[in-house]
Amino acid sequence: MEGGMLAHAWQLQEGRPLYPSPNPHFVPYVYPPGYSALLAMLGSGVGLSMWLGRLVSILWTCAGAGALWIGVRRHGGAQLDGALAAGAYLACYVSSGAFFDLVRPDAMALALFAGSAVCALERHRWGPIAAGLLLAASFMCKHNFAAFGPAMALALATRSRRDAVVFAVCAAGPALACTALWQWSSSGM
């Protein structure tokens, strides 16, 4: 699959459609273009390669672990508790399918989701906004992260209806707009 994700990034670099009709030269995966677009952008400067894709995934894996550490620390946990949370996440490498360092969108999507969950816990006005936007960004890497939206909105509603509505608008708005754009630009592919 790593080569396929690099092919997605190459399609974007070349200005080709990411979701054409399947043909002998390119059959796209059913992933949103977030990770591929980042690889294409970075690859424009340093060259598109397996090394770059894996480095990007490793950095996003570290960002996910960092989000867990920050979340624990911001909500009363000690340094050690934060380190244990991050370590537990990193220790799931093998049992999760060993994808933390592969040219795949999983690490990026998980890190963005972890950031969303941490921001949702914040009681500041920016918390639900950031949580919604980060969940939308996670969806733009792997569409199945949309499934967390309703549960997060319900959890926020127990604290504040306003926070739940702001979160829902910030999460669903960009996700639906991008989905509509992708559908339109790919003729429904």
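**Cysteines and helix packing**

Analyst: Counting pairs of cysteine sulfur atoms within 2.5 Å as disulfides, the total is zero disulfides. This is a predicted model, where local features need pLDDT of at least 70, side-chain atom pairs count only at pLDDT 80 or more, and totals for chains, interfaces and linings use all residues. Residues are numbered from 1 along each chain as its sequence is written, and side-chain values use heavy atoms, with hydrogens and water left out.

User: Is Cys 141 buried or exposed?

Analyst: Buried, at 1% relative accessible area. Cys 62 is partly exposed, at 48%. Buried is under 20%, exposed is over 50%, and partly exposed is in between, with a 1.4 Å probe and protein chains only.

User: Switching to helices. At what angle do α2 and α3 pack?

Analyst: About 125°, with the axes 10 Å apart. α2 covers residues 34-46 and α3 covers residues 50-74. Helices here are DSSP runs of H or I, at least four residues, numbered from the N terminus. Axes are lines fitted to C-alpha atoms over the stretch in contact, and angles run from 0 to 180 degrees between N-to-C directions.

User: How does that angle class them?

Analyst: α2 and α3 are therefore oblique to each other. Under 35 degrees is roughly parallel, over 145 roughly antiparallel, 65 to 115 roughly perpendicular, and the rest oblique.

User: Which residues of α2 and α3 make the contact?

Analyst: With contact meaning heavy atoms within 4.5 Å, α2 gives Tyr 35, Leu 38, Leu 39, Leu 42, Gly 43 and Val 46. α3 gives Leu 52, Gly 53, Val 56, Ser 57 and Trp 60.

User: What about α3 and α5?

Analyst: Their axes come within 8 Å and cross at roughly 20°. α3 and α5 are therefore roughly parallel to each other. α5 spans residues 106-121. Residues in that contact include Ala 63, Gly 64 and Ala 67 of α3 and Ala 111, Ala 114 and Gly 115 of α5.

User: Last topic. What is phi of Ser 187?

Analyst: Near 55°, a positive value in a residue other than glycine. Most residues other than glycine have a negative phi. Ser 187 sits in the segment after α8 (161-185), and is exposed at 68% relative accessible area.

Key:
Helix = DSSP H or I, 4+ residues; strand = E, 2+ residues; numbered from the N terminus.
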